[in-house]
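Hi everyone, thanks for making time. I'd like to walk you through a few strands and the turns that link them. Have a look at the model first.

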Amino acid sequence: MDEAERLNEITRKIIGCAITVHRTLGPGLLESAYQACLAAEFRATGLKFREQVDVPVRYRGQVLGSGYRLDFIVEDEVIIEIKSVERMERIHKAQLLSYLRLERKRVGLLLNFNVEVLRSGLHRVVNDFPELGALSASALEVKA
């Protein structure tokens with residue numbers, strides 16, 4: 001399995017977990033509730049993850065204080081940012097892309113749980129993603 005396929009497989013598992021959480025809870029709760037339930041789903045499916053990960057800023061060769069914290073890194077590959085907002089803004093995608101760059105990761109998922117159907121709240125953001133393989137370029141919202 002090449003790198004793109006491996007990353008796509010991880011994101012498919014994550015999306016499956018997120019759909020389970022959304023179908024169970026529905027929209028309208030705080031981000032922290034979705035995060036706790038998503039962590040439980042990750043554990044149940046055997047996905048390795050870290051949550052509330054500090055993101056240091058690197059500037060001119062120096063590592064500066066963090067001030068930023070991302071929601072999840074899954075399988076040490078995929079960054080997950082959870083939202084529960086009326087509508088997604090460009091700044092949310094820009095935030096995730098910045099996290100990808102700072103953490104030197106290739107793919108992230110932005111999950112807005114405050115929607116009727118999770119598919120409409122799901123955004124994939126990539127940073128220097130390897131060959132797209134079976135994933136079409138039209139499925140990608142933002143590229144570095």
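Let me start with a definition: helices (H or I, at least four residues) and strands (E, at least two) are DSSP runs, numbered from the N terminus. Please keep in mind that this is a predicted model, where local features need pLDDT of at least 70, side-chain atom pairs count only at pLDDT 80 or more, and totals for chains, interfaces and linings use all residues. Residues are numbered from 1 along each chain as its sequence is written, and side-chain values use heavy atoms, with hydrogens and water left out.

Now, the pairing; two strands pair if DSSP finds at least two bridges between them. Strand S1, residues 49-59, runs antiparallel to strand S2, residues 62-74, and nine bridges join them. Glu51, for example, sits opposite Phe72 of S2. S2 also pairs with strand S3, residues 78-83, again in the antiparallel sense, through three bridges. There, Ile73 has Ile79 in S3 as its bridge partner.

On to the turns. Most residues other than glycine have a negative phi. So what is phi at Arg60? It is positive, near 50°. Arg60 lies in the loop between S1 and S2, a hairpin with two residues between its strands. With 72% relative accessibility, Arg60 counts as exposed (over 50%; buried is under 20%, partly exposed in between, with a 1.4 Å probe and protein chains only).

The hairpin of S2 and S3 has three residues between the strands. In that loop we find Glu75, whose phi is positive too, about 55°, although Glu75 is not a glycine. Glu75 counts as partly exposed, at 25% relative accessibility.
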